[in-house]
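The points are grouped by topic.

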Amino acid sequence: MEITVHVPEGHDSIGVLGSAERNLKMLREMLGVRVSSRHGEVRLAGDPAEVTIARNVLERLRRDAQRSRAVSRQDVLGMIAEETDRSRPRPGGGDATGLRVYAQGRRIEPKNDTQRAYLEAIREHDLIFGVGPAGTGKTYLAVASAVHMLKEQSIGKLILCRPAVEAGERLGFLPGDLAEKVNPYLRPLLDALHDMMDYADVQRFIAADVIEVVPLAFMRGRTLNGAAIILDEAQNTTRSQMKMFLTRMGHGSKVIVTGDTTQIDLPDPADSGLIDAVRRLRRVEGVASVGFTGRDVVRHKMVQRIVDAYADTDRPDGARADARRALEMAMDPDTHAGDDAGGTEH
(Lines give C-alpha, C1' and ligand atoms only; values in the text may rest on other atoms or scores of the structure.)
Protein backbone atom coordinates (compact mmCIF):
# COMPACT_ATOMS: atom_id res chain seq x y z
CA MET A 1 0.00 0.00 0.00
CA GLU A 2 1.22 3.51 -0.81
CA ILE A 3 -0.37 6.83 0.12
CA THR A 4 0.57 10.50 0.18
CA VAL A 5 -0.02 12.81 3.13
CA HIS A 6 0.09 16.57 2.62
CA VAL A 7 1.88 18.56 5.32
CA PRO A 8 1.85 22.33 5.93
CA GLU A 9 4.74 24.40 4.70
CA GLY A 10 6.90 26.80 6.65
CA HIS A 11 7.31 26.56 10.42
CA ASP A 12 4.36 24.18 10.81
CA SER A 13 6.14 21.56 8.71
CA ILE A 14 8.75 21.18 11.46
CA GLY A 15 5.94 20.40 13.90
CA VAL A 16 4.84 17.53 11.65
CA LEU A 17 8.16 16.22 10.36
CA GLY A 18 10.23 17.05 13.43
CA SER A 19 13.65 18.62 13.56
CA ALA A 20 15.82 17.00 10.86
CA GLU A 21 12.74 14.87 10.03
CA ARG A 22 13.04 13.13 13.38
CA ASN A 23 9.36 12.13 13.43
CA LEU A 24 9.60 10.45 10.03
CA LYS A 25 12.62 8.47 11.18
CA MET A 26 10.66 7.27 14.20
CA LEU A 27 7.77 6.14 11.98
CA ARG A 28 10.21 4.28 9.74
CA GLU A 29 12.01 2.56 12.60
CA MET A 30 9.00 1.63 14.72
CA LEU A 31 6.52 0.66 11.99
CA GLY A 32 8.81 -0.60 9.24
CA VAL A 33 7.17 1.61 6.60
CA ARG A 34 9.03 3.35 3.79
CA VAL A 35 8.86 7.12 4.26
CA SER A 36 10.00 9.96 2.01
CA SER A 37 9.29 13.68 2.14
CA ARG A 38 9.43 16.26 -0.61
CA HIS A 39 7.73 19.57 -1.42
CA GLY A 40 5.10 19.43 1.31
CA GLU A 41 4.21 15.79 0.76
CA VAL A 42 5.07 12.64 2.72
CA ARG A 43 4.89 9.33 0.89
CA LEU A 44 4.17 6.23 2.96
CA ALA A 45 4.54 2.70 1.60
CA GLY A 46 4.41 -0.75 3.13
CA ASP A 47 2.00 -3.03 4.97
CA PRO A 48 -1.52 -1.49 4.84
CA ALA A 49 -2.03 -1.65 8.60
CA GLU A 50 1.33 0.00 9.34
CA VAL A 51 0.82 2.66 6.66
CA THR A 52 -2.57 3.50 8.16
CA ILE A 53 -1.00 3.89 11.61
CA ALA A 54 1.70 6.18 10.19
CA ARG A 55 -0.90 8.28 8.37
CA ASN A 56 -2.97 8.68 11.56
CA VAL A 57 0.11 9.80 13.48
CA LEU A 58 0.98 12.38 10.82
CA GLU A 59 -2.57 13.73 10.87
CA ARG A 60 -2.39 14.11 14.65
CA LEU A 61 0.93 15.89 14.31
CA ARG A 62 -0.55 18.20 11.69
CA ARG A 63 -3.43 19.14 13.99
CA ASP A 64 -1.01 19.84 16.83
CA ALA A 65 1.13 22.01 14.53
CA GLN A 66 -1.90 24.02 13.48
CA ARG A 67 -2.66 24.66 17.16
CA SER A 68 0.99 25.65 17.77
CA ARG A 69 1.31 22.81 20.27
CA ALA A 70 4.89 21.71 20.88
CA VAL A 71 5.33 17.94 20.54
CA SER A 72 8.20 16.07 22.17
CA ARG A 73 9.88 12.87 21.06
CA GLN A 74 8.06 11.03 23.85
CA ASP A 75 4.73 12.43 22.61
CA VAL A 76 5.36 11.03 19.14
CA LEU A 77 6.35 7.65 20.57
CA GLY A 78 3.12 7.69 22.55
CA MET A 79 1.07 8.53 19.45
CA ILE A 80 2.60 5.64 17.52
CA ALA A 81 1.92 3.22 20.37
CA GLU A 82 -1.64 4.50 20.85
CA GLU A 83 -2.49 4.21 17.16
CA THR A 84 -0.97 0.74 17.13
CA ASP A 85 -3.17 -0.26 20.07
CA ARG A 86 -6.27 1.06 18.34
CA SER A 87 -5.52 -0.84 15.14
CA ARG A 88 -4.88 -4.09 17.01
CA PRO A 89 -7.53 -4.47 19.74
CA ARG A 90 -6.82 -6.90 22.54
CA PRO A 91 -8.69 -10.23 22.61
CA GLY A 92 -11.95 -9.74 24.47
CA GLY A 93 -11.80 -5.99 23.93
CA GLY A 94 -10.86 -3.29 26.36
CA ASP A 95 -7.62 -2.34 28.00
CA ALA A 96 -6.22 -4.90 30.41
CA THR A 97 -4.32 -2.37 32.52
CA GLY A 98 -5.85 1.04 31.91
CA LEU A 99 -2.33 2.36 31.33
CA ARG A 100 -1.28 4.40 28.33
CA VAL A 101 2.28 5.16 29.34
CA TYR A 102 5.34 4.36 27.26
CA ALA A 103 9.05 3.92 27.94
CA GLN A 104 11.38 4.08 24.95
CA GLY A 105 8.34 3.78 22.70
CA ARG A 106 7.10 0.58 24.30
CA ARG A 107 3.92 0.44 26.25
CA ILE A 108 4.36 -0.31 29.95
CA GLU A 109 2.38 -3.44 30.78
CA PRO A 110 2.25 -5.88 33.71
CA LYS A 111 4.68 -8.78 33.46
CA ASN A 112 2.91 -11.12 35.88
CA ASP A 113 -0.37 -11.62 37.72
CA THR A 114 0.74 -9.71 40.82
CA GLN A 115 1.67 -6.65 38.77
CA ARG A 116 -1.70 -6.89 37.01
CA ALA A 117 -3.52 -7.03 40.35
CA TYR A 118 -1.44 -4.06 41.54
CA LEU A 119 -2.43 -1.92 38.54
CA GLU A 120 -6.07 -2.88 38.97
CA ALA A 121 -5.89 -1.91 42.65
CA ILE A 122 -4.39 1.46 41.73
CA ARG A 123 -7.17 2.04 39.23
CA GLU A 124 -9.98 1.04 41.58
CA HIS A 125 -8.89 2.32 45.02
CA ASP A 126 -7.93 5.62 46.63
CA LEU A 127 -5.17 4.26 48.88
CA ILE A 128 -2.93 1.42 47.74
CA PHE A 129 -0.09 -0.38 49.52
CA GLY A 130 2.43 -2.26 47.38
CA VAL A 131 4.73 -4.35 49.57
CA GLY A 132 7.50 -6.69 48.50
CA PRO A 133 11.17 -7.18 47.63
CA ALA A 134 13.35 -5.14 45.30
CA GLY A 135 12.89 -5.58 41.57
CA THR A 136 9.18 -6.38 41.55
CA GLY A 137 8.12 -3.13 39.86
CA LYS A 138 6.30 -1.59 42.82
CA THR A 139 7.68 1.92 42.38
CA TYR A 140 7.99 1.82 38.59
CA LEU A 141 4.35 0.86 38.06
CA ALA A 142 3.20 3.38 40.65
CA VAL A 143 5.01 6.16 38.78
CA ALA A 144 3.66 4.88 35.44
CA SER A 145 0.11 4.92 36.81
CA ALA A 146 0.57 8.45 38.13
CA VAL A 147 2.00 9.68 34.80
CA HIS A 148 -1.00 8.13 33.05
CA MET A 149 -3.39 9.97 35.36
CA LEU A 150 -1.49 13.22 34.78
CA LYS A 151 -1.66 12.82 31.00
CA GLU A 152 -5.34 11.90 31.18
CA GLN A 153 -5.88 15.00 33.35
CA SER A 154 -7.69 12.99 36.02
CA ILE A 155 -5.23 14.60 38.44
CA GLY A 156 -3.56 18.00 38.33
CA LYS A 157 -0.44 17.24 40.32
CA LEU A 158 2.05 14.44 40.87
CA ILE A 159 3.99 14.22 44.13
CA LEU A 160 6.82 11.75 44.67
CA CYS A 161 8.36 11.47 48.11
CA ARG A 162 10.63 9.32 50.24
CA PRO A 163 11.80 9.30 53.85
CA ALA A 164 15.43 10.46 54.10
CA VAL A 165 16.59 7.38 56.01
CA GLU A 166 19.50 5.19 54.96
CA ALA A 167 21.59 2.56 56.72
CA GLY A 168 24.71 4.00 58.35
CA GLU A 169 24.29 7.58 57.13
CA ARG A 170 22.73 10.79 58.39
CA LEU A 171 21.82 13.83 56.33
CA GLY A 172 23.86 16.15 58.51
CA PHE A 173 27.08 14.34 57.63
CA LEU A 174 26.55 14.56 53.87
CA PRO A 175 28.12 17.46 51.93
CA GLY A 176 26.14 20.27 50.31
CA ASP A 177 23.01 22.28 51.02
CA LEU A 178 19.62 20.72 51.78
CA ALA A 179 18.70 20.14 48.13
CA GLU A 180 22.03 18.41 47.50
CA LYS A 181 21.64 16.30 50.63
CA VAL A 182 18.20 14.93 49.75
CA ASN A 183 18.70 14.51 45.99
CA PRO A 184 20.36 11.04 46.28
CA TYR A 185 17.36 9.76 48.25
CA LEU A 186 14.92 10.94 45.58
CA ARG A 187 16.98 9.91 42.55
CA PRO A 188 15.25 6.52 41.98
CA LEU A 189 11.88 8.27 41.64
CA LEU A 190 13.30 10.72 39.12
CA ASP A 191 14.89 7.86 37.17
CA ALA A 192 11.52 6.16 36.79
CA LEU A 193 9.90 9.46 35.79
CA HIS A 194 12.52 10.16 33.12
CA ASP A 195 11.87 6.73 31.59
CA MET A 196 8.32 7.80 30.82
CA MET A 197 8.64 11.50 30.05
CA ASP A 198 11.12 13.64 28.16
CA TYR A 199 13.68 15.34 30.37
CA ALA A 200 12.50 18.77 29.17
CA ASP A 201 8.88 17.94 30.01
CA VAL A 202 9.83 16.74 33.49
CA GLN A 203 11.78 19.94 34.15
CA ARG A 204 8.93 22.06 32.80
CA PHE A 205 6.39 20.32 35.02
CA ILE A 206 8.67 20.64 38.04
CA ALA A 207 9.16 24.35 37.33
CA ALA A 208 5.38 24.77 37.01
CA ASP A 209 4.85 22.89 40.32
CA VAL A 210 2.85 20.18 38.53
CA ILE A 211 5.43 17.57 39.60
CA GLU A 212 7.07 17.65 43.02
CA VAL A 213 9.86 15.37 44.22
CA VAL A 214 10.23 15.98 47.93
CA PRO A 215 11.45 14.38 51.17
CA LEU A 216 8.70 13.04 53.40
CA ALA A 217 9.42 15.66 56.08
CA PHE A 218 8.28 18.40 53.69
CA MET A 219 4.75 16.97 53.56
CA ARG A 220 3.75 18.07 57.04
CA GLY A 221 0.89 20.57 57.23
CA ARG A 222 -0.25 20.18 53.63
CA THR A 223 -3.60 19.09 52.18
CA LEU A 224 -3.33 17.80 48.63
CA ASN A 225 -6.40 17.82 46.41
CA GLY A 226 -6.56 16.34 42.91
CA ALA A 227 -3.11 14.76 43.18
CA ALA A 228 -1.40 11.42 42.80
CA ILE A 229 0.94 11.03 45.77
CA ILE A 230 3.55 8.27 45.90
CA LEU A 231 5.48 7.40 49.05
CA ASP A 232 8.43 5.14 48.24
CA GLU A 233 10.61 3.20 50.71
CA ALA A 234 7.77 3.47 53.20
CA GLN A 235 9.20 0.73 55.40
CA ASN A 236 11.51 3.43 56.79
CA THR A 237 8.73 5.66 58.04
CA THR A 238 7.78 5.68 61.70
CA ARG A 239 4.16 5.27 62.74
CA SER A 240 3.74 8.99 63.35
CA GLN A 241 5.31 9.84 59.99
CA MET A 242 3.00 7.44 58.19
CA LYS A 243 -0.06 8.92 59.91
CA MET A 244 1.11 12.40 58.96
CA PHE A 245 1.59 11.34 55.33
CA LEU A 246 -1.71 9.50 54.91
CA THR A 247 -3.69 12.41 56.33
CA ARG A 248 -2.34 14.70 53.58
CA MET A 249 -4.84 13.14 51.17
CA GLY A 250 -7.41 15.61 49.85
CA HIS A 251 -10.45 15.38 47.58
CA GLY A 252 -9.84 13.67 44.25
CA SER A 253 -6.43 12.36 45.29
CA LYS A 254 -4.89 8.91 45.04
CA VAL A 255 -2.14 7.73 47.38
CA ILE A 256 0.25 4.87 46.55
CA VAL A 257 2.58 3.59 49.26
CA THR A 258 5.42 1.20 48.39
CA GLY A 259 8.01 -0.54 50.52
CA ASP A 260 10.14 -3.58 51.23
CA THR A 261 9.89 -4.86 54.79
CA THR A 262 13.09 -6.88 54.41
CA GLN A 263 15.05 -3.61 54.18
CA ILE A 264 13.93 -1.66 57.24
CA ASP A 265 16.67 0.76 58.34
CA LEU A 266 14.94 2.00 61.49
CA PRO A 267 16.61 1.18 64.84
CA ASP A 268 13.61 -0.96 65.79
CA PRO A 269 11.93 -2.71 62.81
CA ALA A 270 8.73 -3.05 64.85
CA ASP A 271 8.33 0.74 64.59
CA SER A 272 7.86 0.62 60.81
CA GLY A 273 4.93 2.79 59.83
CA LEU A 274 4.31 0.67 56.74
CA ILE A 275 3.66 -2.52 58.67
CA ASP A 276 1.50 -0.66 61.18
CA ALA A 277 -0.55 1.09 58.46
CA VAL A 278 -1.22 -2.06 56.46
CA ARG A 279 -2.44 -3.79 59.62
CA ARG A 280 -4.62 -0.90 60.78
CA LEU A 281 -6.19 -0.18 57.41
CA ARG A 282 -6.57 -3.65 55.97
CA ARG A 283 -10.37 -3.65 56.33
CA VAL A 284 -10.99 0.02 55.56
CA GLU A 285 -13.14 0.67 52.50
CA GLY A 286 -11.21 2.20 49.62
CA VAL A 287 -7.87 0.70 50.71
CA ALA A 288 -6.06 -2.09 48.83
CA SER A 289 -2.90 -3.98 49.76
CA VAL A 290 -0.92 -5.99 47.21
CA GLY A 291 1.93 -8.25 48.31
CA PHE A 292 4.84 -9.11 46.00
CA THR A 293 7.23 -12.03 46.52
CA GLY A 294 10.58 -13.09 45.11
CA ARG A 295 8.71 -14.89 42.32
CA ASP A 296 7.51 -11.48 41.06
CA VAL A 297 11.00 -10.01 40.50
CA VAL A 298 11.25 -8.66 36.95
CA ARG A 299 14.75 -7.18 36.97
CA HIS A 300 17.89 -9.08 36.00
CA LYS A 301 17.53 -12.78 36.85
CA MET A 302 20.32 -12.36 39.41
CA VAL A 303 18.09 -10.07 41.48
CA GLN A 304 15.60 -12.87 42.09
CA ARG A 305 18.44 -15.21 43.04
CA ILE A 306 19.80 -12.62 45.46
CA VAL A 307 16.35 -12.07 47.01
CA ASP A 308 15.88 -15.83 47.39
CA ALA A 309 19.35 -16.27 48.91
CA TYR A 310 18.73 -13.64 51.56
CA ALA A 311 15.28 -15.02 52.28
CA ASP A 312 16.83 -18.43 52.97
CA THR A 313 19.52 -17.17 55.37
CA ASP A 314 18.03 -14.03 56.91
CA ARG A 315 15.86 -15.63 59.58
CA PRO A 316 14.08 -12.89 61.51
CA ASP A 317 14.08 -12.92 65.28
CA GLY A 318 12.82 -10.70 68.08
CA ALA A 319 11.25 -7.44 66.99
CA ARG A 320 11.92 -8.16 63.32
CA ALA A 321 10.07 -11.49 63.54
CA ASP A 322 7.11 -9.79 65.21
CA ALA A 323 7.09 -7.11 62.53
CA ARG A 324 7.20 -9.68 59.73
CA ARG A 325 4.37 -11.68 61.30
CA ALA A 326 2.26 -8.53 61.72
CA LEU A 327 2.71 -7.76 58.04
CA GLU A 328 1.78 -11.30 56.97
CA MET A 329 -1.39 -11.07 59.05
CA ALA A 330 -2.26 -7.69 57.57
CA MET A 331 -1.66 -8.77 53.96
CA ASP A 332 -3.61 -12.02 54.33
CA PRO A 333 -6.02 -11.63 57.25
CA ASP A 334 -8.19 -14.63 56.29
CA THR A 335 -5.26 -17.03 56.66
CA HIS A 336 -4.52 -15.64 60.12
CA ALA A 337 -8.13 -15.21 61.23
CA GLY A 338 -8.27 -15.12 65.01
CA ASP A 339 -4.54 -14.60 65.47
CA ASP A 340 -5.06 -11.03 66.64
CA ALA A 341 -8.46 -11.44 68.22
CA GLY A 342 -8.75 -9.36 71.33
CA GLY A 343 -5.53 -7.53 70.50
CA THR A 344 -5.11 -3.82 71.00
CA GLU A 345 -3.95 -1.10 68.62
CA HIS A 346 -0.82 0.81 69.60
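Predicted model: local features only at pLDDT ≥ 70, side-chain atom pairs only at ≥ 80, totals over all residues.

Asparagine 23 is located in helix H2, which covers residues 22–31. With a relative accessibility of 2%, this asparagine counts as buried, because the limit for that class is under 20%.

- Apart from residues up to four places away in sequence, asparagine 23 touches Gly15, Val16, Leu17, Gly18, Leu61 and Val76.
- Aspartate 64 belongs to helix H3, which spans residues 48–66.
- Aspartate 64 has a relative accessible area of 9% and is therefore classed as buried, the cut-off being under 20%.
- When neighbours within four places in sequence are left aside, the contacts of aspartate 64 are Arg69, Val71 and Met79.

**The antiparallel sheet of three strands**

- An open sheet is built from 3 strands in the order E1-E3-E2, and the pairing is antiparallel.
- Strands E1 and E2 form the edges of this sheet, each pairing on one side only.
- On average, neighbouring strands here are turned by 20° against each other, direction ignored.
- Strand E1 (residues 2–6) is joined to strand E3 (residues 41–45) by 5 bridges in the antiparallel sense, and within this pair valine 5 stands opposite valine 42 of E3.
- Strand E2 (residues 34–38) also runs antiparallel to E3, again with 5 bridges.
- E2 and E3 make up a hairpin with 2 residues between them, and histidine 39 in the turn has a positive phi of about 50°.
- Helix H3, the helix that holds aspartate 64, lies across E1 and E3 and runs at about 160° to E3.
- In a regular strand, side chains alternate between the two faces of the sheet.

**The parallel sheet of six strands**

- A second open sheet contains 6 strands with parallel pairing, in the order E8-E7-E9-E10-E6-E11.
- Its edge strands are E8 (211–215) and E11 (287–291), each of which pairs on one side only.
- Neighbouring strands of this sheet are turned against each other by 15° on average, direction ignored.
- Strand E6 (residues 127–131) runs parallel to E11, and 5 bridges join the two.
- Leucine 127 is placed opposite valine 287 of E11.

- Helix H6 (residues 138–151) lies across E6, strand E7 (157–162), E8, strand E9 (227–231) and strand E10 (254–259), and runs at about 165° to E10.
- Helix H9 (residues 239–246) also packs on the sheet: H9 touches E6, E7, E9 and E10, and its direction makes about 155° with that of E10.

**The contact between helices H5 and H6**

- The axes of helix H5 (residues 113–124) and H6 come within 11 Å and cross at roughly 40°.
- The crossing of H5 with H6 is right-handed.
- On the H5 side the contact is made by Gln115, Tyr118, Leu119 and Ile122, and on the H6 side by Lys138, Leu141, Ala142 and Ser145.
- These contact residues divide into 5 nonpolar, 2 polar and 1 charged.

**The protein as a whole**

- The protein contains 12 helices and 11 strands.
- Of its 346 residues, 47% count as buried.
- Among contacts with a separation of 6 or more, 71% are between residues 24 or more positions apart.
- The accessible surface amounts to about 17,900 Å², and carbon and sulfur atoms contribute 48% of that surface.

Definitions and conventions:
Residues numbered from 1 in each chain as written. Heavy atoms only, no water. Helix = DSSP H or I, 4+ residues; strand = E, 2+ residues; numbered from the N terminus. Buried < 20%, exposed > 50% of the residue type's maximum accessible area, 1.4 Å probe, protein only. Contact = heavy atoms within 4.5 Å. Areas by Shrake-Rupley, 256 points an atom, 1.4 Å probe, with all protein chains shown as cover. Pairing = 2+ DSSP bridges. Axes fitted to C-alpha atoms, helices over the stretch in contact; angles between N-to-C directions. Left-handed = near helix turned anticlockwise from the far one by under 90°. Nonpolar A, V, L, I, M, F, W, Y, C, P; charged D, E, K, R; others polar.
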